[in-house]
Every structure is written in C-alpha cells, then in structure tokens.
Amino acid sequence: MTRRTLVAAVMGCVVLAAASCAGPERPTATADGKDAASTSASPAPSATATPAVAAARERMTAAATGRDAPGPEGLLVAAESTGGALFVWESSDGRFCHGTATGVGVTSVACFTRPHTPPVGKEPRLVPLVRMMATGWNVVFGAEHETVESVTCDGVPVRVKDVGVMADGRRSVHAVEFPDLTLGTVSVRVRRGSRVVTETLALETFAKKDAARFASCGEPTS
C-alpha cells in the first residue's frame, strides 16, 4: 500500500478523537444486555451529514486526486466525530483507499498499489480492510458471500456501521469503533443463506509488550 500524507499529521486521537483519549474503555452492557452506547448491527445515523463531516468530505475530495480519486461510488463514511471523519472508497481503477480528514485542513490518503486488493474470494469470509486510530480505534472490514448480523466483544454487543458495498457489489463493507486501542478479537455473527455462523475478526495484528494497559476482546491475536 502506498501512503501519501498531504499534511504532516498523526492519524490518532489528537487529530479526530480528542474526546476518546481518556484511556481504554469497553462497551457497557445495560440491564437488558445491550450496549449502552449503541445497538448491535444497526448502522450509525448518516442520513444527514453533520457540518464537521461535510467539511471533512470537502477536504477529502480535495486531497484524494489523480489516480487516488474516488470512483463512481464516491467517498463512503466509515466513522465520524465532531472533529472529522474516516472515509473509504474505491478508485476508478478499482483500488481500495482510505483517508482521514478534519474540518481544519488535516488530511491523509492511503491506497493499494494494485486494483482489486484484496481480491474477492470464492468462499464466504471476512476481510480486514482498515485498522487505525481515527475517530477512535476504527476497524473496517468486508464481508463476502455472507451477511453480517451482529458483532460482540466478549458477549457485549458492539455497534456495526454498514458503510456500503464495493467490488461491484460483491463485498459489503462494515465498521466498528472502540474509544481507544483495543486488542484481541470480536465475534461476528453472519448469515450464509439459511445458516448462521460465528466468525472472529482481529482488532489488531501487532504484539504489545504492555498489552495489560489496553482494553481487549476475545482471544489475543499474538
């Protein structure tokens, strides 16, 4: 993946998620077992863009140019906050891209060098696409030949944002967010025709020597 930073910036909580820097948190279950902050498998409200997201979209459109410019589907909002947004898109030649933008001019763009990377597989699967600090700890993933129904962290529902579709409609794109870096795996309930199965999705892929400092879900990834 090539990375083009238009304004020197750290794509972390300082940029977009200052309100999420208090420290590790985990979803809080209410008395009925639901996540107090969100509802499982319900997309985040996005029918009307907030001023911050509208400004971030304008900045992102100006930053993602040339070969990295969005194709016909345009920019898809994967996460948003009062400070800006995380966008994903496909370029006109089919390359997956993602970028962050704020309303005050900080932008970054990253795209795969080859079209259709990763390629759509023949079997049902989850495909990790983005893991980064943007509006929080954001994990964007695709689902192929299956439908995502819910995501849980140790049994606690985690809100799933339905971002859109890519790869000519063969891959649906979803996103989950945690307030800060969260290690381990989440359980993803998916439907394959009449069957419902549970898969695991890694929230990060790097080893942390001081892992005890961070929130975690499920099994460790390393």
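This is a predicted model: local features need pLDDT of at least 70, side-chain atom pairs count only at pLDDT 80 or more; totals for chains, interfaces and linings use all residues.
Strand β7, residues 137–144, is joined to β6 by eight bridges, and the two run antiparallel. Now zoom out a bit. β6 and β7 are part of an open sheet of four strands, and the order goes β6-β7-β11-β10, with antiparallel pairing. So which strands stand at the edges? That would be β6, at 125–133, and β10, at 161–166; each has a single partner strand, so one side of each is left without a neighbour in the sheet. From one strand to the next, the twist averages 25 degrees.

Quick reminder for anyone new to this: strands of a sheet pair through backbone hydrogen bonds, and the pairing can be parallel or antiparallel.

Next up, β12, residues 182–192. With β8, residues 147–153, this strand pairs antiparallel over five bridges, and there Val151 has Val188 of β12 as its bridge partner.

How does β12 pair with β14, parallel or antiparallel? Parallel, over three bridges, with β14 covering residues 215–217. Thr182 is one to click on here, as its bridge partner in β14 is Ala215.

Then there's β13, residues 195–202, which runs antiparallel to β12 and is joined to it by eight bridges. Arg192 stands opposite Arg195 of β13.

Definitions and conventions
Residues are numbered from 1 along each chain as its sequence is written. Side-chain values use heavy atoms; hydrogens and water are left out. Two strands pair if DSSP finds at least two bridges between them. Axes are lines fitted to C-alpha atoms, for helices over the stretch in contact, and angles run from 0 to 180 degrees between N-to-C directions.
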